[in-house]
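I opened this entry to keep track of what I looked up.

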Amino acid sequence: IKIRNPITRDHTTLRTWLAPGLLSILRNNKHRDLPQRVYGLDYVFRGTTPHLKLEALEMSATTGFSDSKAYMKSIVRAMEGPFLKQFDMEFEPAEHGSFIKGRVAELALFEKGNKTRHHFGIFGELHPDVITNFALENPVSYLGLDLQVLEEKGLLD
């Protein structure tokens, strides 16, 4: 998709995830004390379809996969009653080039009754190459939730 008349060169594409913008925030705040935690809630695109995403990063000397999993579990626990009661959930191993192999997983939702699978989230420890590309020097953990399935079912109204 090409954007006509973009305001800047940075505005010539549609975002597929929020993490690069969040990593830029961490880069611009390297002089601040650790740990640093940032999040974003906005639409990203899969093809031409907008998806509401919640993404968060933590940068600290000791953060890792277990931290991102703990944050994911806390968010899901808070959402279970009002938003997720019609779903079963399952953590599944995943592979993604932006994460350290073996330190990334997905969260899948399964509709109760018909077992339709929905990708709901991904979490893990970002690969050192990603961290270096943003001129960061400490580990960064990530979590992202694709809230589109909840929006489509009218659960976020």
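I noted the source next. The model is predicted, so local features need pLDDT of at least 70 and side-chain atom pairs count only at pLDDT 80 or more, while totals for chains, interfaces and linings use all residues. Residues are numbered from 1 along each chain as its sequence is written, and side-chain values use heavy atoms, with hydrogens and water left out.

**Backbone**

I stayed with A135. Its phi is positive, about 60°, although A135 is not a glycine. A135 sits in the loop between α3 (128-133) and β6. Helices (H or I, at least four residues) and strands (E, at least two) are DSSP runs, numbered from the N terminus.

I then checked K115. K115 is not a glycine, yet it has a positive phi of about 60°. I found K115 in the loop between β4 and β5.

Which bond joins L34 and P35? I found a cis peptide bond there, with omega about 0°. P35 belongs to the loop between α1 (19-28) and β1 (36-46).

**Helix α2**

I looked at α2, residues 65-80. It has 16 residues and reaches 22 Å from its first C-alpha to its last, close to the 22 Å expected at 1.5 Å a residue. The expected span is 1.5 Å times one less than the number of residues.

Which residues of α2 are buried? I listed S68, M72, V76 and M79. Seen down the axis of α2, the buried residues fall within an arc of 65°, so they line one face of the helix. The arc is that of the directions from the helix axis to the C-beta atoms. On the other side of α2, I found S66, R77 and A78 exposed.

I also asked what the buried residues of α2 pack against. The partners are β3 (87-93), β4 (99-111), β5 (117-126), β6 (140-146) and α4 (148-152). Contact means heavy atoms within 4.5 Å.

Key: Buried < 20%, exposed > 50% of the residue type's maximum accessible area, 1.4 Å probe, protein only.
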